[in-house]
Amino acid sequence: MTVKISVLGLQFDSALQNVFNMLSIALICLMQPSASEGQERLRKIENQEFTYGEVLEYRVHYGIIDAGEAKLEVMPDKKTIGPREVYHVVGTGQTKGAFDWFFKVRDRYESFIDAQAIIPWLFVRRVYEGGYKINQDVTFNQVKNLAISKKATIATPQNVQDLISAFYYARTIDFSNVQPGEIFAVDAYLDDAIIPVKFKFVGKENISTKFGTFRCLKFHPQLLEGRVFKNKEDMTLWVSDDENKIPIRAEAKILVGSVKMDIKGFSGLANEPLSLLKK
């Protein structure tokens, strides 16, 4: 398998391929000779919410300005790392139009997510934001609970997530009996540290879009205060109240202005129909 990444004309395919190959070999060795025992340590989650080939597209607004686009793709081809089947998820974001002139963003995130346990084995981060760059590859040893980057090897909680895999895992949570005020927590890796990702269920609300009106579950992600957000509940997320649980809209108050993200396209969903009340 060849994985090719292009960001601002730079190619990272060979470096990522080496990381991928080394992780595959390490995982095979880790699970041998008792491969079945090693795999039995990993949880099994019934995922009916997403599948190979799903594409979600969003339009991003900064205030009244049409500022950018974002996309989440579960790549259509099945892949394996060692003995484990994985979803290869790619998330991209970029500024557009006038906004692109004074603060160019070209972000790409990749996660290779275990298809049964819904946990990451490899996380790739390529960030370019207004001249600020991050190039990061993180491998996860989910059997020994370690995260390994170029800068550090740290101990992780069991079933730790990365920024991308945490979103897909959250979609597998059963919200059928959720009550307003209930908080869900996920341990996630970021910059050689573990952060608790929490989101609070607020209630249900209907959201109007260009596709029609969606019946949605409404959440407040619990945010880090100070750097970007003034208060920890300054973001609201609306998720389709159906078996897909796809984000329909997100709004966030930041220290300077506000940001809004609306769904502009979707395909390859695992379940039909969506929670559309009317078109």
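These questions and answers cover salt bridges and aromatic pairs in a predicted model.

Residues are numbered from 1 along each chain as its sequence is written, and side-chain values use heavy atoms, with hydrogens and water left out. Local features need pLDDT of at least 70 and side-chain atom pairs count only at pLDDT 80 or more, while totals for chains, interfaces and linings use all residues.

Colleague: How many salt bridges does a search of the whole structure find?

Modeller: A salt bridge here is a side-chain nitrogen of Lys or Arg within 4 Å of a carboxyl oxygen of Asp or Glu. The search of the whole structure gives 17.

Colleague: Which residue forms a salt bridge with Lys96?

Modeller: The closest N and O atoms of the pair are 3.8 Å apart. Lys96 sits in the loop between strand S6 (84-95) and helix H3 (99-102), and its partner is in strand S4 (residues 65-74), 30 residues apart. Helices (H or I, at least four residues) and strands (E, at least two) are DSSP runs, numbered from the N terminus. The partner is Asp66.

Colleague: Which residues are linked with Lys96 in a network of salt bridges?

Modeller: Asp66 belongs to the network too.

Colleague: Is Asp241 buried or exposed?

Modeller: Asp241 forms a salt bridge with Lys204, with closest N and O atoms 3.4 Å apart. Asp241 lies in the loop between strands S15 (235-240) and S16 (247-253) and Lys204 in strand S13 (residues 193-209), so the pair ties together parts 37 residues apart in sequence. Buried means under 20% relative accessible area, exposed over 50%, partly exposed in between (1.4 Å probe, protein chains only). Lys204, at 59%, is exposed, whereas Asp241, at 16%, is buried.

Colleague: Why is the pair of Tyr109 and Phe123 stacked?

Modeller: The structure holds 15 aromatic pairs. Rings of Phe, Tyr and Trp (its six-membered ring) pair if their centres lie within 6.5 Å; planes under 30 degrees apart count as stacked, over 60 as edge-to-face and the rest as tilted. Tyr109 and Phe123 have ring centres 6.2 Å apart, and the pair is stacked because the planes are at 25°.

Colleague: What is the angle between the ring planes of Phe140 and Tyr189?

Modeller: Both Phe140 and Tyr189 are buried. Phe140 lies in strand S9 (residues 132-141) and Tyr189 in strand S12 (residues 183-190), so the pair ties together parts 49 residues apart in sequence. The ring centres are 5.7 Å apart and the pair is edge-to-face, so the angle asked for is 90°.
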